[in-house]
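Here's a walk through a multi-chain model, written for someone who likes the cut-offs spelled out. Have the viewer open as you read.

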Amino acid sequence: MAKAWRWFHQLGSPKFLFQKTGQWLPWIWAATLILLVVGLYYSLWASPIEVRQGQKHSVRIMYIHVPSAALSMVAYIAMAIAAIVGLVWKMKVAFAVTRSIAPVGAAMTFLALFTGSVWGKPTWGTWWEWDARMTSELLLLFLYLGFIALHASFSDRSKADKASSILAIVGVINIPIIYFSVKWWNTLHQGYSITEKGALNPAFQTPLFIMLAAMYLLFIALVLMRLRAEIILRNQKSRWVAEWALGTSAKGDKS
Amino acid sequence: MSSWHEFIFMGKHGAYVWSSYLVTFIVLLGLFIGFRIMLRGLKKQVIAEASLKQSEKPKARKLKVSKAEQAN
Amino acid sequence: MIMTLLRRELKVARRNWIGLAIPLLFFIIVVSLFPFAVSPDAPVLQQLAPGVIWVAALLSMLLSLEQFYRSDYQDGALEQLLLMSSPTMVAASKILAHWLLTGLPLVILSPLLGVLMQINHGVEHSTHTWVLMLSLVLGTPTLCLLGAVGMSLTLAASRNGLLVSILIIPLYVPVLIFGASTVTASLENMRYNGELAILGAFLLITLVFAPFASGRALKISVG
Amino acid sequence: MSQTSDIQFNGLYAHELTVSRSEQVLLEDAELHLAPSTITYLHGENGAGKTTLMRCLAGLLPADHGEVYWNKLPITHPESNYFQDLIFLAHSLSMKNELSIAENLSFYASLRTKVSLNKQQLQQQISSVLNELGIGGLEDRMFAELSAGQQHKVALARLMLEPAKIWILDEPFVNLDHKTRGWLSEKALAFKQQGGTVLFTSHHHIEELPIDQSVGVEHE
């Protein structure tokens, strides 16, 4: 327990976090690439096609649609948790984390929408359907963009951090409400949902799980990259940053 | 999957499948490159500022308190 | 304490009555555009009415937010308030004043818009107007509460005019859905108690966290 | 964090205060003690962070590090009476254009829990303070209708209407006529006699007001 606390405190130190993430990143990237290669092999080549609903090969879009949709939600929750840590424990690094998750989360949300739309066209014959999940995803994208816009509108970074953290927390309280409302509204007006999935054929499960793992890792890797840049941005005047910059440029760029 | 032909055209759905994968790839690669450029740029900036003369760096200020009996 | 704050808000707002009248005028004018754009046919308008009236109400609430927060921030009164009373209180008094001076007038004006949008078309003794008012009574406070959070967050931001709308509109969607569908249900002679209950639940949930969050945000903006 | 019992000083005491504004550290590890019955003059070049320091001492701006104590208790402590004891006059006058002078002043007075005056007494006191300041009879004018000088005087009138133990005044003497400067100095001295603490900033040395302590915000 005491060890866990010390770990938590050390993570609060930008220098420690920067060094540690620098050590972790190559491993995370390696694991990501391996999983991606395997996952793509399965999802694009080795997995069967869905004949039942006339989807045929377009079912392969699922292997990126589902992970990005899952990540878009998880990322927002993670952002809100970091925001709470930042506001309650006054941990500045947590704000850097929220700011780092936002663009990657927004990208995932965009990808979920894009792939959902492209998947919808061959399967249901339309690019856009006001279906519950798609609509929630669209609103989630607005929440992300609002967060980024709010953060960018302050000249004082600490104000930007605190204000956008409050927004993230209010947003996360509202996400279930939004989802529930949209779903209710959807059943009222259309009564069907294009992304509602039944029991998943086991043949689809393996590639999906591998792609889920790969995308999670990819997400973490990207967030850590952004976080490292954010830490340097926020600590430009610290001596260790200057030492790092001069040190690594002397050794040749390996970071 | 039985043939390269099928792999590429995906039975008429090739455009949809491949565009999804391609856009995902481009977006994620864009983030990767963007973040990398950001870190590189910051590093350059830090190096440039580190080579500035020490005195030109903005310094924090101190409070100097003096009892003022001579006042007025 | 809250009465003192509220009395001051109301007094300031009363002397600024034109600023309050403009969002209301906007509310009426926007709604009256629809017959021109779509069709003056009563059945068509009747079908559109719940959505149009609710969207217009939502937009006019957004428009009126600015004047309840901006001037206090700019002339330094806000920081004096925050020094002497709790941030949650300050936020609560502003939210209450905002609702009394914008939400309540909207509710009172809504029957007029119901008439313009032919909400009672084809019914002799209709309760549609009452349902519309009831849905606005339960829904507009939630809009005020969420708007207060957004407005407090953007006070110190450099681009603020439209920023609030971007932050807040996604959060307004649930209220819009249930507000408009309450009226639609009534128009279709269906039960609308469930929708009203959910609007009430939204109000309670936001009532719990919005004044606190808005107070915190005000404090951050001033700091 | 530091225990409250560590602090032995009465009055306002800032301990290891680090304040920054927009990423720039303006003050580092500052120690400052404003004892009861003292007048302190805060000076420093433009942009040195005088206002920031004052806002931090007034509890509006959170410090990066360190703590501000009022009578041995941190100012944010639930039992601290700091915000009832403090009048902070900022650069902005904090008065509403839409309210009359009397309404503005009595609103702020009514936020003080310690005011024991009833409404009528308060109105009388407002009239007499405004008289002293040479703007008597304007009580019911809207604040917006006054000239800049008159508006400034209204803001200063708060000092006489709200019970306090510490005044933090940001540039109170700027744009004041000779007579009002004298009035303010006199009132500040009287406040000091009663055990009050005063902190003020000014561009120039104020001859009328003898100070006990001067604090400069300077480079190391």
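Predicted model: local features only at pLDDT ≥ 70, side-chain atom pairs only at ≥ 80, totals over all residues.

What follows goes from the ground rules to the chain contacts, then through selected elements and residues.

## Ground rules

Residues are numbered from 1 along each chain as its sequence is written, while chains are lettered from A and ligands numbered from 1 in the order in which they are written.

## Who touches whom

Let's start with contacts, meaning residue pairs whose C-beta atoms, placed from the backbone, lie within 7 Å. Five pairs of chains touch, and the pair with the most contacts is A and B. Chains B and C, on the other hand, don't touch, and their nearest C-alpha atoms sit 20 Å apart.

The contact between A and B draws 32 residues from chain A and 24 residues from chain B. On the chain B side, helix 2 (residues 14–50) gives the most, with 19 residues. Helices (H or I, at least four residues) and strands (E, at least two) are DSSP runs here, numbered from the N terminus. That side of chain B splits into 18 nonpolar residues, five polar and one charged. For the bookkeeping, Ala, Val, Leu, Ile, Met, Phe, Trp, Tyr, Cys and Pro count as nonpolar, Asp, Glu, Lys and Arg as charged, and the others, Gly among them, as polar.

## Chain B on its own

Chain B has two helices and one strand, in the order α-α-β from the N terminus. Of its 72 residues, 18% are buried. Buried means 20 or more other C-beta atoms within 10 Å of a residue's own, exposed means 12 or fewer, and partly exposed is in between, with C-beta atoms placed from the backbone.

## The nonpolar core

The largest nonpolar core holds 223 residues, and A:M79, C:I53 and D:I168 have the most contacts inside it. A core of this kind is a set of buried Ala, Val, Leu, Ile, Met, Phe, Trp, Tyr and Cys residues joined through C-beta atoms within 7 Å. Setting aside residues up to four places away in sequence, C:I53 touches C:V31, C:S110, C:L113, C:M117 and C:L132.

## Strands in chain D

Strand 1 of chain D (residues 12–21) is mostly covered, with seven of its ten residues buried. What does it pair with? Strand 2 (residues 24–34) of chain D is an antiparallel partner over seven bridges; two strands count as paired if DSSP finds at least two bridges between them. One such link has D:A14 bridged to D:L32 in strand 2. The two strands form a hairpin with two residues between them, and D:S22 in the turn has a positive phi of about 45 degrees.

Strand 4 (residues 65–70) of chain D also runs antiparallel to strand 1, joined to it by five bridges. Here D:T18 stands opposite D:H65.

## Two helices in chain D

After helix 4 comes D:G134, with a positive phi near 80 degrees.

Helix 3 of chain D is mostly covered, eight of its ten residues being buried, including D:E103, D:N104 and D:F107. Its cover includes helix 1 (2–15) and helix 4 (77–84) of chain C, along with helix 4 and helix 5 of chain D.

D:L89 lies in strand 6 (residues 86–89) of chain D and is buried, because 23 other C-beta atoms are within 10 Å. Leaving out neighbours within four places in sequence, D:L89 contacts D:A155, D:R158, D:L169, D:D170 and D:P172.

C:F209, in helix 8 (residues 193–222) of chain C, is partly exposed, with 14 other C-beta atoms within 10 Å. C:F209 and C:L145 are 64 residues apart in sequence, with 9.0 Å between their C-alpha atoms.

Conventions:
Contact = placed C-beta atoms within 7 Å.
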